[in-house]
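Please look over the sequence and the structure before reading on.

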Amino acid sequence: MKKIIYTIIVALCSFNLSAQFAFFTMDFFVLNEGTESDYIKLEQVWKEYQMDAVEKGDKLGWMVFKVHKRNGEPIENTSYVVINDFKSKEQFEKQGKNWSWDNFNSIVRSRLKGKMSSSTIRRVLAKNVKKETYSMQGLVRGGTPWVGGDIKKGDILSWGAAKALNDDYIMFEKEVWKPIAMRSVMSGDQYAWYITEITQKNELVQKNQSVDFTHMYFNYFKEEPAPVNESAMMNQMDFKTQKLMELLNKSCERGPGFTASLVMSTW
């Protein structure tokens, strides 16, 4: 019966855009002090451009998250993360080739006509709000179906980095951790889990990363999950799963983990 339910869920989720993305970009912004309200206004302008891109089929979606915790502790700086999802790397590259400031300005001014003047848009875009920008690109290598509808304001994203120590790392994630994540998804505790391979990092990431990470894993939740007690979780597993989890942990070096909440999106 469980297998039948799982098959039905997978079939239904195949129509959800969030379940189809294969390439993503991720920008982690540390803001200048006192600029958070200006940053939100900036992203509200950018949202119009992103909505236009989604409507035209140039990308799947765009999300802005406010970062709250690093390794379970409140972060020191005001930081946000912006994620863009694409069907493929080719779709991302095509959008990049078509990019221009003239086109951007034309789109946002048209969509904001009667809501925001051109002079206000210029002032919003001219604000210096970002102190540091950490940029990454990556390919999705595996994951669960997306279950539970579209992501909503206030929903939670948690992610972490990992350095693969052998060629089996991705297979361990998909064969060992994915079933555990799938149970959480099927119970309604989270939307989805993904494992990705990082294909590009900007100079600031390269300079400041605590772990020379090669992969990132993402969990999308409806509310912030309780901290994971790894010892208790291992004790609840059967002998075979415990040994596989040990092999998974030996196949990578973990970097810091982060938690953030959704502020706005195109979904």
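How many bridges join strand 2 to strand 4, and in which sense do the two strands run?

## Strand 2 and its partners

Strand 2 (residues 61-70) and strand 4 (residues 79-86) run antiparallel and are joined by six bridges. Strands here are DSSP runs of E with at least two residues, helices are runs of H or I with at least four, and both are numbered from the N terminus. Two strands count as paired if DSSP finds at least two bridges between them. Opposite Trp62 stands Asn84 of strand 4.

Strand 2 also pairs with strand 9, over seven bridges and in the antiparallel sense; there Val64 is opposite Met264. With strand 3 (residues 73-74), strand 2 has an antiparallel pairing of two bridges, and Lys69 has Pro74 as its bridge partner. Strand 2 and strand 3 make a hairpin with two residues between them, and Asn71 in its turn has a positive phi of about 50 degrees.

## Model and confidence

The model is predicted: local features need pLDDT of at least 70, side-chain atom pairs count only at pLDDT 80 or more, and totals for chains, interfaces and linings use all residues. Residues are numbered from 1 along each chain as its sequence is written, and side-chain values use heavy atoms, with hydrogens and water left out.

The average pLDDT (the predictor's confidence in each residue, from 0 to 100) of the protein chain is 91, and 93% of the residues score at least 70. Residues 1-19 have a pLDDT below 50, and this stretch has 22 contacts (heavy atoms within 4.5 Å) beyond near neighbours in sequence. Where pLDDT is low, predicted coordinates should not be read in detail.

## Overall fold

The protein chain holds nine helices and nine strands. Its radius of gyration is 20 Å, close to the 18 Å from the globule rule for 267 residues, so the chain is as compact as a globular protein of that length. The radius is taken over C-alpha atoms, and the rule is 2.2 Å times the number of residues to the power 0.38.

## The largest pocket

The largest pocket contains about 1,300 Å³ of space. A pocket is an open set of points on a 1 Å grid over the protein atoms alone, where a 1.4 Å probe fits, with protein on both sides within 12 Å along at least five of seven lines; lining residues have an atom within 4 Å of a point. Points are joined across faces, edges and corners, and the volume is the space filled by probe spheres set on them.

Of the 40 lining residues, Ser158, Trp177, Asn219, Ala226 and Val228 are the closest to the centre of the pocket. Elements giving two or more residues to the lining include helix 6 (169-186) and strand 9 (252-265).
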